[in-house]
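The tour moves from the whole chain to a single residue.

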Amino acid sequence: MAAPPKRQDTRKFIENLSGAGKSIAVLTSGGDAQGMNAAVRAVVRMGIYVEAKVYFIHEGYQGMVDGGDNIKEATWESVSSMLQVGGTVIGSARCKEFRSRGGRLKAAHNLVQHSITNLCVIGGDGSLTGANLFREEWSGLLDELVQQGLIDKEAARSNSELHIVGMVGSIDNDFCGTDMTIGTDSALHRIIEVVDAIMTTAQSHQRTFVLEVMGRHCGYLALVSGLACGADWVFIPEMPPEDGWEDNMCQKLSENRADKKRLNIIIVSEGAIDSHNKAITPDYIKDLVVRCLGLDTRVTILGHVQRGGTPSAFDRILASRMGVEAVLALLEVSATTPACVVSLVGNQAVRLPLMECVHLTQEVQKAMDEKKFEEAVRLRGSSFENNLSTYRLLSYRKPDSELPTSSFNVAVLNVGAPAAGMNAAVRAAVRVGITEGHKMFAVSDGFEGFSKGQIKEIKWGDVGGWTGQGGSLLGTKRTLPGKHLDKIAEQIKLHNINALLVIGGFEAFEFLLELHEAQAACEEFSIPMCMLPATISNNVCGTDLSIGADTALDTVVETCDRIKQSASGTKRRVFIIETMGGYCGYLATVGGLAAGADTVYIYEEPFDIRDLQANVEHLTQKMKTSIQRGLVLRNENSNENFTTDFIYQLYTEEGRGVFDCRKNILGHMQQGGAPSPFDRNFGTKVAAKAIQWITQTLKDSYKGGRVFTNSEDTACLLGMRRRALVFQPVSQLRDESDFVHRIPKEQWWLKLRPLMKILAKYKTSYDVSDSGQLEHVTRVRPKDADASAAI
């Protein structure tokens, strides 16, 4: 019998791509944004890794036009220690001269002198549009340079094609085709830091604060920061308030004060307008509130604070992934490939035609100019649309008479270790549940509290101010139901609980599995159940991201920055840092990528003494150059024998005479702190979506005067898978889980490890099969399309 044909391996590896003989230049243009340096660093190091020459173009297009020392070859060491720096260290400038053909002719001449035919442009839509025009004119510019005798025909022939790849660096997140632009998350951090600080003083004096945030043409920052802090009112250009908004707003503020709320927060985008295109300013709102309500009101304009500061972990990872993807795009480009922009959709890096994105961005402004605001929102994309629909759900409590009638009781509980963002999820679940007409119940202290009857109804006002609180205000325990199942069933019957929303980590997943499997023996468990993954370890199968992981990453990265800075006056020091995560290496790996680690040790990638020795030798060689500091991260359960102490002692001994060592165990500080904007927003949106799913499932399973369902698709986990939020039956996820080590059997972030190694100067194999597909921008969808999938 003939052997079956071998399955063809279609994977694509970085080893098969070469940049030898190519020159790549990177520039930052337009307004600066945190994370630009991470993108520059990734382009430089990935370019050098594939044996291309890489150049800095200082001062953006102005430097390209001026030439000279503005165009310098980059080295590996020249981008060291820039990952954590805000702004752009290679400078940015707005250049009028580049807008003229004469200026672009000078720029072309300067590029040809360095044989640069690959440009990586980091900037906004104006910068990227200019780059595309430059590319379209390139052959004509070369002909002109030949005619003027500035270059010869051979130089024109060898530099005949100019290739462009763009990355969007803009804190406004105003570019269509990507969910997040570089700098947006960091800007949200600055806003939320200010709002959290202001809320404490506002609470003390019972004040109303009006905050203006950036966003002349796009309200993303105002919208998401409003969601993240639970603002009372938000003004954005894409959603002008209806006539009579002044009375409506004042009525809402007055009602909030009547509910014993001591403060009000109003967030205004700098481009906010009313339905007649008249600007809505913070001072106008302040005067209105003082005149109508007599409330002590203050205005705070954040201004350029939003552009400054250290980039967040999210922005560093985003920029690093985009920078590497940009180099791959330049390696694979052909004469017919249009200029592309590297974007993020969900959790997936994609390439999109640059001008398709630019035209769609321009269409948004056109729709707003024509007062077609609903169309403008749709054009912004599903991420923006989903944020807006969630804000509308949560922003205003309808009178009881306007709520739909429902006889369903829905219980919410937290399970496992606390994670930042849990409270934001509970708040959203409670308020959306009330809006859907349900009676919402809060269960204290997880399953233990459930079995003891620690269940009480929770109202709209009870969850006010929860979004910015860390930990778990409901209380949470790691106890699994096990022996408590009978008592939990009694409590479900006693309180007539018709559906469960469980927010937690791996214990929550195991709990839902136990309840689902117990349905046959106990019909009280035959109700809709949904789980939201919330754990700093990000170790639950069925989702790429968990609530709380982003906040923990920020803590890891911020601590690594401080630890490295502590050695700024010391020659050559290596830090060994232990992170949490159980057996899951997510925090260590992704934190290492964001902090610029040299090596990361995790359980999922076994290592032995030879690997340790090779790592020490590699770091020793780096330390003999101009590099002063090294960073080694170790996941707490990466190896039972090669402990943090062992690795510290090994590096100390083997590095003697070249560097000294220090160690630090981060511990539970990774679990504490106020949730990041991403975790607040993510928790809010997934909880809102989960309650809407529960509502529909309750209606579908209500028969004969009671709720009964035991099908596997009514006990689900809601997780982000690549580009979408997906409900997945927990019974189907069982086989994807390693229950001994409490991790998924397959983890997407392991694909980032080769990227981290490349940026740390290791030669490694890197599967780039996911890259290389140029996609097209999704056009306007019908109004009834489901836009809730994207984050």
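What follows is a series of selections, each with a short account of what is there.

This is a predicted model, in which local features need pLDDT of at least 70, side-chain atom pairs count only at pLDDT 80 or more, and totals for chains, interfaces and linings use all residues. Residues are numbered from 1 along each chain as its sequence is written, and side-chain values use heavy atoms, with hydrogens and water left out.

The C-alpha trace spans about 90 × 70 × 65 Å along its principal axes.

Now colour the chain by burial, where buried means under 20% relative accessible area, exposed over 50%, and partly exposed in between (1.4 Å probe, protein chains only). Of the 791 residues, 60% count as buried. Among contacts (heavy atoms within 4.5 Å) between residues at least 6 apart in sequence, 79% join residues at least 24 apart.

Next, select Gln84, which sits in the loop between strand S3 (71-73) and helix H3 (101-113). Is Gln84 buried or partly exposed? Gln84 is partly exposed, because its relative accessible area is 22%.

Finally, select Asp660, which lies 576 residues from Gln84 along the chain, while their C-alpha atoms are separated by 23 Å.

How values were computed: Helix = DSSP H or I, 4+ residues; strand = E, 2+ residues; numbered from the N terminus.
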